Amino acid sequence: MGLGERLGGGAGGVRHPPEFFLPSLEGRGWGWVALRIAGRQTLAMSRISPEMTRRARALRSNATDAERRIWLRIRGYRPRFTRQLVVASYIIDLACREAKVAIELDGGQHADSPYDEERTAFLESRGWKLLRFWNSDVMANPDGVAEAILAEVSRRHGPTHPQPLPSREGRKKGR
């Protein structure tokens, strides 16, 4: 029996599962999303709060010099990187979602911070690898920091590479 037949569709295509596949969201309050999963398993997941989204956008708009220097060096590589990613109640400076590598670029105010230790423990418990660099190191050697980031992503995910050539570039003329 195929997935389409199990979910109520026939050979013509998969239809959405019946409503009884949805979990009850009663008592969960605002901000919960239900995910439907084949095999009658369900999962409820919280949305990102509007306040965290607003804060991440503001941080993206007001990036530090160190963040800009690293972003300019890694943004064209695959797998993709993103800036100011919200993960639970934390905002990560730069991240590669596919490789689950988080990059924090910190100033002196972060030295021996219990908050940073808590965030690191939380992210590592969810499979993220956190790389932390001091702003002064980034400003002194941005190419070296970018190289260290790409090496870690490559180690966790596989080789990184710049964006591939456009689809028609490299073809022989006349074809």
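Helices and strands are runs of residues assigned by DSSP and numbered from the N terminus, a helix having at least four residues and a strand at least two. With that in hand, let's walk through this structure, which is a predicted model.

Start with the whole protein chain. Its secondary structure comes to six helices and eight strands. The protein chain has 175 residues, and 32% of them are buried. Its accessible surface comes to about 11,800 Å², with 50% of that belonging to carbon and sulfur atoms. Now think about who touches whom: among contacts with a separation of 6 or more, 50% join residues 24 or more positions apart.

Next, zoom in on one helix, H4, which covers residues 114–125. At 1.5 Å a residue, its 12 residues should span 16 Å, and its end C-alpha atoms are 17 Å apart, which agrees. Which residues of H4 are buried? They are Asp116, Arg119, Thr120 and Leu123. These residues lie on the same side of H4, because they cover an arc of only 100° around the axis. There is a simple rule behind such patterns: an α-helix has 3.6 residues a turn, so residues three or four places apart point the same way. The face turned away from the buried side of H4 carries the exposed residues Pro114, Glu117 and Ser125.

What covers the buried residues of H4? The cover includes four strands: S4 (82–87), S5 (90–96), S6 (101–106) and S7 (129–134). After H4 comes Gly127, a residue whose phi is positive, near 90°.

Finally, look inside. In soluble globular proteins, nonpolar side chains tend to be buried together. Here the largest nonpolar core has 19 residues, and those touching the most other members are Ile70, Ile74, Phe81, Ile103, Leu105, Phe133 and Ile149. Helix H3 (65–74), strands S5, S6 and S7, and helix H6 (142–157) each give two or more residues to this core. H6 provides the largest share, five residues.

How values were computed
Residues numbered from 1 in each chain as written. Predicted model: local features only at pLDDT ≥ 70, side-chain atom pairs only at ≥ 80, totals over all residues. Heavy atoms only, no water. Expected span 1.5 Å × (residues − 1). Buried < 20%, exposed > 50% of the residue type's maximum accessible area, 1.4 Å probe, protein only. Arc of directions from axis to C-beta. Contact = heavy atoms within 4.5 Å. Core = buried A, V, L, I, M, F, W, Y, C linked by side-chain atoms within 4.5 Å. Areas by Shrake-Rupley, 256 points an atom, 1.4 Å probe, with all protein chains shown as cover.
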